[in-house]
Amino acid sequence: MYRKKLLKEGLVYALQPFLERGVAFLLIPIYTAYLSPSSFGKWQLIYSISFFILPLMNAGIDSACWQFWGRSDKYSVEHVLFNACLAKLTTGIIVLLGFVIPILSVVNFEFRLEFSIYIVSAFLFSYFQIFQQYLRAKNFSGTYLSLALSYGAILGGLNIVGVTVLLLDFRGIIFGNVFANIVAFVCVLLIAKRTKTTTMKMDLLLIKAMLGFGFPLIFGNISYVFISQSDRFFLKTFSSEFEIGLYSFGSQFAMLISVFIISPLFSWWNPILRWKIYNRPDGREIFSRLNRLIVVTLPLFTLIIIGGIIFVGKYLVHNEAYLAGFGITPLLAFGQTFYGLYYFNSVALLFENRTKTISGIVFSSAFFNILLNAILVPRMAMYGAALASFLSFFLMYILSLFFSQKAYRIQRSLSLEVTMIFLSASIAFGSTISVSQGWLRPQNIDIIFLLAGIILTIAMGIANREELKLIINLVKPEINRC
């Protein structure tokens, strides 16, 4: 029973992020055939700006839901969901009317109309995401997977129509995303009616508590956006939309580390399961062993996945000008590895309700990122932007390690962590320097990464197989109860 449930949940959560965010990867042949790097850069600029607005509109409500679902028996799942939607609607309207519209009315932004339409649809899609959380909390994995499959297919199909049939250039991508988000929102309304969520009553005290938990996270979420997206604006200022296109192309591949590893891992290791283990007498021992396992596996899997996706990706590209973007993929990919390690550490801070500390960590890293971009991008263009992102995520990891140990101390193998950090940094810097200096072609780093990753993973797997078995036996009872 345990193994079947574990396999089922693992497959669902491994597929979901790929279906949603992996669509862009599958559409690479279309994008590179119909869009120039400059056109792709224009879309990425609009996409990046929206990332700065959405955390304000969502107000940390998504994280607050897990807080009340995981710890409180006072409220039903539907009651929390209904009031979360009301809170999200309130903050969304306030931000839209009080911030977005006034700024767009005075700022000379070339793509004002396109951005306005897209941001509204993206906010509607956030309701789809919170209902996906609801399905996870209720263990409706079949419905969860069906929605993910449907949305991925609709998003991909509409993007193809917009770019190849309607020939809207980068606006074809906006067309596809907007209409896919509208369809997703309609699905939300149907689910809400079927689950009788709309029959719940407004609970002002609950809404206040959820906003109180989520509000500090806004600053952390926006700060994270600065780390992951602000480099586009520096490239726009000091370089060109063509450079943004190349950088965004390379970043698409790097973000697949999140799609294939980080998102499935932390979706399976869901918040309700984390809280159950936290409340166990041996909770610290389990988290300690999990930490050692994650520190080893994340860098090694990053090597394999980056090698594999670059190997596949170079055959999908129709315009060879895009291939230069592979040069920054390793740095950005290992930056995502450090983000995964930060994410694991930050769970300890959530346990102790240290949301302000989390926001402080991300804010400090964001400030560091902006400073590095201002220094490096004018001198190194997209390589400087990639280096700034890598170092910023590394700082997030270091700060989270320090503060999580103060809040929720577990036994750590610092020698192991230092070894894996050195390995990750050496490979990332070595490959980037080799490409930037012309010693190695960007599309030829795949074999090096694949071989190194496979050899090291086999060696580490043999060395840590007993540790993995022990972790599974410790976590098994709580998985069966979820």
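**Close-up 1. Packing of helix 4 against helix 6 in the predicted model.** The axes of helix 4 (residues 37-58) and helix 6 (residues 77-106) come within 7 Å of each other and cross at roughly 135°. The two helices, helix 4 and helix 6, are therefore oblique to each other. On the helix 4 side the contact is made by Ile53, Leu56, Met57 and Asn58, which meet Lys88, Thr91, Gly92, Val95, Leu96, Phe99 and Val100 of helix 6. Sorted by class, this contact has seven nonpolar residues, three polar and one charged.

Close-up 2. Apart from neighbours within four places in sequence, His79 is in contact with Met200, Lys201, Asp203 and Leu206.

**Close-up 3. Aromatic pairs.** The count of aromatic pairs comes to 30. In one of them, the ring centres of Phe111 and Phe170 are 5.2 Å apart with planes at 75°, so the pair is edge-to-face. This pair links distant parts of the chain, 59 residues apart: Phe111 is in the loop between helix 6 and helix 7 (112-137), and Phe170 is in helix 9 (residues 170-194). Phe111 is buried at 3% relative accessible area, and Phe170 is buried at 2%. The rings of Phe123 and Tyr127 are also edge-to-face, with centres 5.6 Å apart and planes at 80°. Both residues, Phe123 and Tyr127, lie in helix 7, four residues apart, about one turn of the helix, and both are buried.

**Close-up 4. An aromatic cluster.** Tyr31, Phe40, Phe249, Phe253, Tyr322 and Phe326 together form one cluster.

Notes:
Residues numbered from 1 in each chain as written. Predicted model: local features only at pLDDT ≥ 70, side-chain atom pairs only at ≥ 80, totals over all residues. Heavy atoms only, no water. Axes fitted to C-alpha atoms, helices over the stretch in contact; angles between N-to-C directions. Parallel < 35°, antiparallel > 145°, perpendicular 65-115°, else oblique. Contact = heavy atoms within 4.5 Å. Nonpolar A, V, L, I, M, F, W, Y, C, P; charged D, E, K, R; others polar. Phe/Tyr/Trp six-rings, centres within 6.5 Å; stacked < 30°, edge-to-face > 60°. Buried < 20%, exposed > 50% of the residue type's maximum accessible area, 1.4 Å probe, protein only.
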